[in-house]
Amino acid sequence: KKLVEMLGSSVPLYKTLCQFLRTLFLRTHISHYCTLRADLVMLLHEQDNEITDSDRCHKFAWCLDACIRISSIDEKKLRELYTFLDTIEGGDEVLEDVSMLLHDPFARHAICQTVIHTINKLISDNKLPRESQQLENLIRLLSIGLKSLTYLDTKSYTGDPLDSEVIVKFLPELMSIIVESQLKNVHNKLKLDHPIYTPSSHFTRYLSTFPAAMQITCVCLLHLIEKKDIRTVLVLLPPLAKLFSQNDPDTIIPDGFLHMFVVCIVNRIEFIRENHLSVILREFFVPCAQHSETVLLYLCRLLWAGYRKVKPDILNEVLQEMEPSDQVSHVAHEQYKALLRHIHQKQEIEEGDL
């Protein structure tokens, strides 16, 4: 709001600020500058500021914001977004602003949520991903957002951002995982055993090769937790953990994923079995925490709320393995010590009650 007040109705100042946000995003790779870019134009829109008339992305941002608010993109809104994209000629630098708006973590999450919803609908209709133009358009929007830094850096805006392999290879694999999850739920209701589905050897390659595949898989994982299908979550975690451990987790993990992942687990902690939670800790969080301070902090948050669901011997092992090294910040060390004190105090109280 302070920025908008400073802008007044000055178009030159607004354009300078937008360029400043592009530069900061390119230098820092912090996606929240994209969020600020979107919030800026929407606040001007709400105030009916005449500056918006000079912003070619105004209507696109307005439509996208409506989708973000409900975390979904319906067919009408998708057509409106694509109508705007169709007006952009090859080499038009306005794609820089469009890609920043689509790179906003909230926009990417809304797109991925809609992708999962569309896949479920295709399963019901017995159709393949390549038969859905809507799905292809969604993936293309996501791909434009994920290429935002490339557009800003190279100033090259030509070529289709969508890789066809995402549609014809990755999405069918993901569809198989979702189908197996649904079959398992049916078998559970009938009290029948269902074999654990294992993704193909190519699945990890898709995740490492296509950023869109990583984004969609992480949102799918959150969707599975909401459905209380922890067994399928455990199938998806190993390839994710492998990639996070082999690369810099802070650059490859989608924005906001760890926060939503921990919140989903904590909110459903009573429905998660002890052995399943132990696998989540040992196979995902601990290996990734050894490479990322951010993951370490989220692991502390998870254990703060869910340590009672972990067997004492496994909890001690996890606490030892996640102990911060000298390379991490003072904040991480303090958070870890606070976790140890919290667990110790709670255990003393529980032992006293007995």
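Reader: Is Met 6 buried or exposed?
Author: Met 6 is exposed, with a relative accessible area of 62%. Here buried means under 20% relative accessible area, exposed over 50%, and partly exposed in between, with a 1.4 Å probe and protein chains only. Keep in mind that this is a predicted model, where local features need pLDDT of at least 70, side-chain atom pairs count only at pLDDT 80 or more, and totals for chains, interfaces and linings use all residues. Residues are numbered from 1 along each chain as its sequence is written, and side-chain values use heavy atoms, leaving out hydrogens and water.

Reader: ok, and which helix does Met 6 lie in?
Author: Helix H1, residues 2-7. Helices are DSSP runs of H or I with at least four residues, numbered from the N terminus.

Reader: what volume does the largest cavity have?
Author: About 90 Å³. Its lining includes Pro 105, His 109, Cys 218 and Phe 257. The elements giving two or more residues to that lining are helix H7 (105-124), helix H12 (211-226) and helix H15 (257-267).

Reader: and how do the residues of that lining divide?
Author: For the largest cavity, eight are nonpolar, two polar and two charged. Ala, Val, Leu, Ile, Met, Phe, Trp, Tyr, Cys and Pro count as nonpolar, Asp, Glu, Lys and Arg as charged, and the others, Gly among them, as polar.

Reader: what about the second largest cavity, which residues line it?
Author: Ala 38, Met 42, Ala 61, Leu 64, Asp 65, Ile 68 and Leu 101. Helix H3 (32-46) and helix H4 (58-70) each give two or more of them. H4 gives the most, with four residues. The second largest cavity has a volume of about 40 Å³, and its lining divides into six nonpolar, no polar and one charged.

Reader: last one: where does Ala 241 lie?
Author: In helix H13, residues 230-246. Ala 241 is buried, because its relative accessible area is 5%. The C-alpha atoms of Ala 241 and Val 286 are separated by 9.4 Å, though these residues are 45 residues apart along the chain.

Note on methods: 1 Å grid on protein atoms, 1.4 Å probe; cavity = no way out; pocket = protein on both sides within 12 Å on 5 of 7 lines; lining within 4 Å. Points joined across faces, edges and corners; volume = space filled by probe spheres on them.
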